[in-house]
Amino acid sequence: MIQDNIYKLLNEQVNKEIFSAYLYLDISNYYVDNGLDGFANWFKIQAQEEMDHAMLFVQYMQNNGLSVKLTEIAGPEMEYLSYDLPLNEALKHEQFITKSIHDIYDSASQVKDYRTMQFLDWFIMEQGEEEKNAEDLILKYKNFGSDSKGLYLLNQELGTRIYAPPSLVLD
Ligand code: OFO
C-alpha cells in the first residue's frame, strides 16, 4: 500500500514530466522557426521521451491501485534570445527533475516503500544520462556553434537522432 505523501509526489511527477515534454516541444518549435531542423529534431524526440516518462509514472500508479489526477500544465514562458539559451535551460530543467526524483526516493525510503524505490532506480539512472546529454550539447555548441560551418554540421548531427522507447517496460 503506497502512502498518501508518496502518492501525492508520484502524481506531481506526472505533471512535471508532461511539463518537460511541453518545454522541449517549445524549444523544438523555436529551432524550427529559426531554420535549425536538426536541433528541432533532437528536442522533439526529447519531448517524446518525456511523455514516455510521464506514462511510466501513470502506469506505476495504476499498477498500485492509485488514481491518477491530472492537473493544469503551465505553458513554457521562455524567451530564447540566442541559440544556446535553450540548451542551458534544458540542463537547468534536468537538474530540477533529478532533484524531484531524488526527493521522491528520499520520502519513499523514509517510509520503507521499497517498491517505489525500486521503480525510481531506473529514473535515477536515466536522469544521469539526461544531464550528461544536456551537458554534451552545451559543450558541442560552445566548441562548434559560433562558427557557421560548425553550426551547420552540428545541426546535421542532431538531425540524425532517432526515437528509442524507454528500456523500462511496465505491464
Ligand atoms: Fe523525464 O527526464 Fe528529462 O525531464
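Entry 1. I worked from a predicted model. I began with helix 2 and helix 5, whose crossing is left-handed. I read that the two axes come within 7 Å and cross at roughly 35°. On the helix 2 side I listed Asp37, Gly38, Phe39, Asn41 and Trp42, and on the helix 5 side Leu151, Leu154, Asn155 and Leu158. By class, I noted five nonpolar, three polar and one charged residue in this contact.

Entry 2. I then turned to helix 2 (residues 37-63) and helix 3 (residues 85-110), which pack at an angle of about 10° with their axes 14 Å apart. Angles under 35 degrees count as roughly parallel, so I recorded helix 2 as roughly parallel to helix 3. Phe43, Gln46, Glu50 and Phe57 of helix 2 meet Leu87, Ala90, Glu94 and Ile101 of helix 3. I classed the residues of the contact between helix 2 and helix 3 as five nonpolar, one polar and two charged.

Entry 3. I next looked up the largest pocket and found a volume of about 220 Å³. Of its 15 lining residues, I noted Glu49, Trp122, Glu126, Glu129 and Pro166 as the closest to the centre. Which helix gives the most to the lining of the largest pocket? I found that helix 4 does, with six residues. Helix 2 and helix 4 (114-145) each supply at least two residues of this lining.

Definitions and conventions:
Residues are numbered from 1 along each chain as its sequence is written. This is a predicted model: local features need pLDDT of at least 70, side-chain atom pairs count only at pLDDT 80 or more; totals for chains, interfaces and linings use all residues. Side-chain values use heavy atoms; hydrogens and water are left out. Axes are lines fitted to C-alpha atoms, for helices over the stretch in contact, and angles run from 0 to 180 degrees between N-to-C directions. Helices (H or I, at least four residues) and strands (E, at least two) are DSSP runs, numbered from the N terminus. Angles under 35 degrees count as roughly parallel, over 145 as roughly antiparallel, 65 to 115 as roughly perpendicular and the rest as oblique. Contact means heavy atoms within 4.5 Å. Ala, Val, Leu, Ile, Met, Phe, Trp, Tyr, Cys and Pro count as nonpolar, Asp, Glu, Lys and Arg as charged, and the others, Gly among them, as polar. A crossing is left-handed if the near helix is turned anticlockwise from the far one by less than a right angle, and right-handed if clockwise. On a 1 Å grid over the protein atoms alone, a cavity is a set of points where a 1.4 Å probe fits but cannot get out, and a pocket is an open set with protein on both sides within 12 Å along at least five of seven lines; lining residues have an atom within 4 Å of a point. Grid points are joined across faces, edges and corners, and a volume is the space filled by probe spheres set on the points.
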